[in-house]
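Here are a few worked exercises to get you going. Try each task by eye, then read through the solution.

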Amino acid sequence: MRPSRVTLEQAQELFKTCMPVRKKEEKRSADCLGQILAKPVYAAVTQPPFPRSAMDGFALRSRDICRADIQHPVTLEVTGCVCAGQETEFMLKPHQAVRIMTGAMIPEGADCVVKQEDAEWDERAVRIYHNAKPGENYCPAGEDFSAGDLLAEAGTPVDSYLLAAVTAAGVRNLTVYKRLKAAVITTGDELQNTETPLQPGKIYDANGIWLCTRLREMDCEVVRYQTAGDDQSKIADEIREAWKEADLILTTGGVSVGEKDLLPGVIENLTGNVLFHGIQVKPGMPTMLSVVKETPVLSLSGNPFAVEALFEVLAGGYLTDMEASRYLQKNQMKALKQTFVKTGEMKRIVKGRCDESGVYLPQIQKNGQLKNGIGSNCLVIFPEGERTYTEGEAVRVIRI
Ligand SMILES: Nc1nc2c(c(=O)[nH]1)N[C@H]1C(S)=C(S)[C@@H](COP(=O)(O)OP(=O)(O)OC[C@H]3O[C@@H](n4cnc5c(N)ncnc54)[C@H](O)[C@@H]3O)O[C@H]1N2
Ligand code: MOO
């Protein structure tokens, strides 16, 4: 028997419960770009590993030049030169200085570096025209972090900044969540790909490209993308193929009550377990979730905005649970920038554009429209009931 329509919140919970536990993998850090840390990362080495100079100049003892100024320069003996990458065993004695380059190891005994613009020198001696404080241009070992320090918590996305820090910290491998593998099957005899001129009665497949690219933006791997027409056995074959490698199968279209709404029958023939078929929300009311051979199949209704909105609130919500701050669907309250007439009794999701000052919603929003999605950056969820929301009124916004 067909289960009754669930609420949006129930659908979100059911979606999470049927998703497989995220697997972890350990691999070379440079190959983890875009993935989410599954374990915290600790520094293997101290950074910088040695006290180093921040300037090209002279390493010396600050007390030797405490009286130096432009009229009374202090002359020190130059005992050698250290460049970046060299190890130094110099031990600085009073009234000695070492020529030093930026990034080079500061010798024992020196507590500051005077930049060369404040000095005159030859191979043997240096004249210093300014005094310097202890620690000036001196970067102590561990100024950034020490071996054993926590660099990043589990849940942090791996980006170029994290990779720079962990590489400097001598961390070769990271443990990250494996990318979720998803398969996309669009259905409908009206669908055509863009390789050929549009035939009568046909439209181009917008849902397929949207799902594939949004999944990739969410760091999932799209292992398969096919259009199956309105052919029951082809749709079933596609689902069977997708089982082999996908953690999640997404279908679009064919979930309503028409002659060609084939998905419920296909799922039944595959002896799938239907968790819900129908959500008390617009758009996406006929959305169906089933589990076929342990693989969740989220069957989104065909209207492009139904696909977008329900994918965001169901799959996006699931990714939120992985602590991936990047995907956090920050539920915020924002002020409407203009009046919005909310029609229909059911809970309603609309797309909008928000900034610090509030949220703007195009008044005309049909579920089949695509153009008004360009530049949108949020969804607004209106509660049940028909009414006019006035300018300045706070509404629930989900950043996408
Ligand atoms: N008698 C009834 N008719 C309908 C009901 C109902 O309750 N009783 N529900 C309506 C609602 S609400 C929706 S939503 C749609 C959903 O139907 P399906 O999920 O079966 O979707 P389709 O009919 O296959 O497609 C709907 C619409 O979207 C276009 N479409 C489909 N796939 C794509 C694609 N890949 N790219 C771009 N556009 C696509 C399709 O051509 C249709 O125009 O049913 C209502 N009907
Ligand atoms: O639920 Mo349908 O997606 O309203 O248009």
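His277 sits across from Met288 of β20. A quick note before we go on: this is a predicted model, where local features need pLDDT of at least 70, side-chain atom pairs count only at pLDDT 80 or more, and totals for chains, interfaces and linings use all residues. Residues are numbered from 1 along each chain as its sequence is written, while chains are lettered from A and ligands numbered from 1 in the order in which they are written.

**Exercise 1.** Work out the strand order of the open sheet of six strands.

*Solution.* Strands here are DSSP runs (E, at least two residues), helices are runs of H or I with at least four, and both are numbered from the N terminus. Two strands pair if DSSP finds at least two bridges between them. Now read across: the order is β16-β13-β17-β21-β20-β18, and the pairing is mixed. At the edges you find β16 and β18 (273-277), each pairing on one side only.

**Exercise 2.** Find what helix α4 (residues 232-243) touches on the sheet.

*Solution.* Contact means C-beta atoms, placed from the backbone, within 7 Å.

**Exercise 3.** Is Tyr225 buried, exposed or partly exposed?

*Solution.* First locate Tyr225: it belongs to strand β16 (residues 221-227). Next, count: Tyr225 is partly exposed because 19 other C-beta atoms lie within 10 Å. The cut-offs are 20 or more for buried, 12 or fewer for exposed, and partly exposed in between. Finally, skipping neighbours within four places in sequence, Tyr225 contacts Val184, Gly208 and Cys212.

**Exercise 4.** Which helix gives the most to the shell around ligand 1?

*Solution.* Two helices, α3 (206-217) and α6 (304-320), each supply at least two residues. Of these, α3 gives the most, with three. A residue counts as near if its C-beta atom, placed from the backbone, lies within 6 Å. Of the 25 residues around ligand 1, Asn207, Gly253, Ser256, Ser301 and Gly302 come nearest.

Definitions and conventions: Two residues are in contact if their C-beta atoms, placed from the backbone, lie within 7 Å. Axes are lines fitted to C-alpha atoms, for helices over the stretch in contact, and angles run from 0 to 180 degrees between N-to-C directions.
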